[in-house]
Amino acid sequence: IADWINVQNVEGRGLANVASNELNTQQYTHTLSYNNDITDNVSLNSVIGYEYQKYNNRGYSLAAQDFLTNAVSYTDQLQGSSIGSRSASSFADPTTELQSYFGRVNFNISDKYLLTATVRADGSSKFGDNNKYGIFPSVAAAWNLHTEGFLPDAINTMKLRLGWGQTGNQEFPAGSAQARYGLGTGGTLELENVANPDLKWETSSTFNVGVDFAILDYKLSGSIEYFNKTTTDLLFNFATIQPAPASRYWVNLDGEVVNSGVEIALLGFLVDNENLTWTLGGNVSFLSNVLQNYVGPNVLTGGLFGQGISGTTIQRLENGQPLNAFYVRDYTGLSDAGQSQYVDDGNSFFYLGDPNADILLGITTNISSGNLDIGLNFNGAFGHTIYNNTANTVLPIGNLGSRNIDANLIGGTKEAIANPITASSRYLEKGDYLKLANATIGYTIGDVEGIKGVRVSLTGQNLLVFTNYSGFDPEVNTVNDIDGVPSFGIEYTPYPSARTILFGIGFSF
């Protein structure tokens, strides 16, 4: 078989590569706690701490071809290669240091009122000289209503929660706030990154209010929560205005991303007796996402794949729109000549879809009777849009007679084979789906000849999908970005979600 392999520029020459990557981390954590009953009804738990982390990442690579002999391993005779084929590279990322001071106090008042306050001061070497530290406080309170005596007996427990807090984000490459130079191919120094001494922490402020409860002798329990998360000073990698010595630089975007919604979780015992137990649980989230108060330049992302639309983007960040909103031509149908038609002859673009789901759903049910148990898990998403890049460029009408085409194009279509491949709302589809993600049936045999707790099970994963989406999978897993800005909701010949059947047996000695 090896004789049939023909890798360009390798056949008859061979190729050896030796590489090494080394990541060294250090972490020191010191905490001091104090716990005390201040009075008979008030208890205090507190902790203060300090933490230091350091990361060093470096590596090298050596490669060569055209070895004199096969009698010695390639990696043991790199010097036995042709001079022109040898290459060497190495790197050393800027050192990352994170230093943190933190404290937390908890008050418990008669098991009725619970108060928590925390504060963190985090300093990172990733940020500019003027803003290395960020301060992130949070407060939370809870009221155990069931201890007050005014709730009906049918309510077993009920807790009202209220919280507000801030967290910081430093997940971007080390050294991005500093001027960094690298060696070019000719051995000359080249500026790779423009310094920004004012770069600072991205901050998310979250407010939430919720209630946890159990009623009817704990046969029904759950929680309802409203949340609002606002992210400001978003870390973003912008293109420099040319001419400039480097192509990119990091900034904090003006504006904020607001994610808000309501989350509901319920668990009920439909049947609960000696012979049968049946539980049904679920959680549903109603979500909203929007970019607000942004006045910067347009940020394009959502790059498409495929011949005919290289370099095309169909998503952008825009004030008042959800993240990754689809920005495309508005398709109105086919002309009598079989050519695509668009609003304003395709010269205008419109916001015509949101890849972010409005509703996320999960459902779980479990049944057990004697030694037999059954479990089903469903998940789903609704209210979002998917761009079918596969139908756009892989299965177009132009393939007719030579390659596969989209099944929806067969039967009565008047589309011309010469109709150009163009990105538009024609390929936007509703992405609503519900999946039977997991199903398990098990039987507990028990102890057998000194073997304890024998249980056999059969599990199926990704068994059923209920959707009107015409593509491969409504759970889109295609990854693409433009200059580090991720896309979302674009499907392009994804790796299929496998349907898996597993048989298992468990036991102990």
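Start by selecting S89, S90, F91, A92, D93, P94, R180, Y181, G182, L183 and E192: together they line the second largest pocket. Here a pocket is an open set of points on a 1 Å grid over the protein atoms alone, where a 1.4 Å probe fits, with protein on both sides within 12 Å along at least five of seven lines; lining residues have an atom within 4 Å of a point.

Before you go on, know that this is a predicted model, in which local features need pLDDT of at least 70 and side-chain atom pairs pLDDT 80 or more, while totals for chains, interfaces and linings use all residues. Residues are numbered from 1 along each chain as its sequence is written, and side-chain values use heavy atoms, with hydrogens and water left out.

Back to the pocket. β3 and β8 (180-183) each supply at least two of its lining residues; strands are DSSP runs of E, at least two residues long, numbered from the N terminus. About 360 Å³ of space lies inside, counted as the space filled by probe spheres set on the grid points, which are joined across faces, edges and corners. Its lining has 5 nonpolar, 3 polar and 3 charged residues.

Next, select L234, L235, F236, L317 and P486. These lie nearest the centre of the largest pocket, which has 19 lining residues and a volume of about 440 Å³. β11 (220-239), β12 (248-272), β13 (277-292) and β27 (485-486) each bring at least two residues to this lining, and β11 gives the most, with 5.

Now jump to Q77, in the loop between β2 (42-64) and β3 (87-92). Is Q77 buried or exposed? Its relative accessibility is 8%, so Q77 counts as buried (under 20% relative accessible area, with a 1.4 Å probe and protein chains only). Show F67, L68, T69 and V72 as well: Q77 touches them, leaving aside residues up to four places away in sequence. Touching means heavy atoms within 4.5 Å. Look closely at V72, whose backbone oxygen lies 3.1 Å from a polar side-chain atom of Q77.

Last stop: colour β4 (residues 96-109) and β5 (residues 113-124). They run antiparallel, joined by 12 bridges; strands pair if DSSP finds at least two bridges between them. Pick F102 and you'll find R120 as its bridge partner in β5. The two strands form a hairpin with 3 residues between them, and S110 in the turn has a positive phi of about 60 degrees. Finish at V119, which stands opposite P137 in β6.

Notes: Helix = DSSP H or I, 4+ residues; strand = E, 2+ residues; numbered from the N terminus. Buried < 20%, exposed > 50% of the residue type's maximum accessible area, 1.4 Å probe, protein only. Polar contact = N/O pair within 3.5 Å; in protein donor to acceptor, adjacent residues only side chain to side chain. Nonpolar A, V, L, I, M, F, W, Y, C, P; charged D, E, K, R; others polar.
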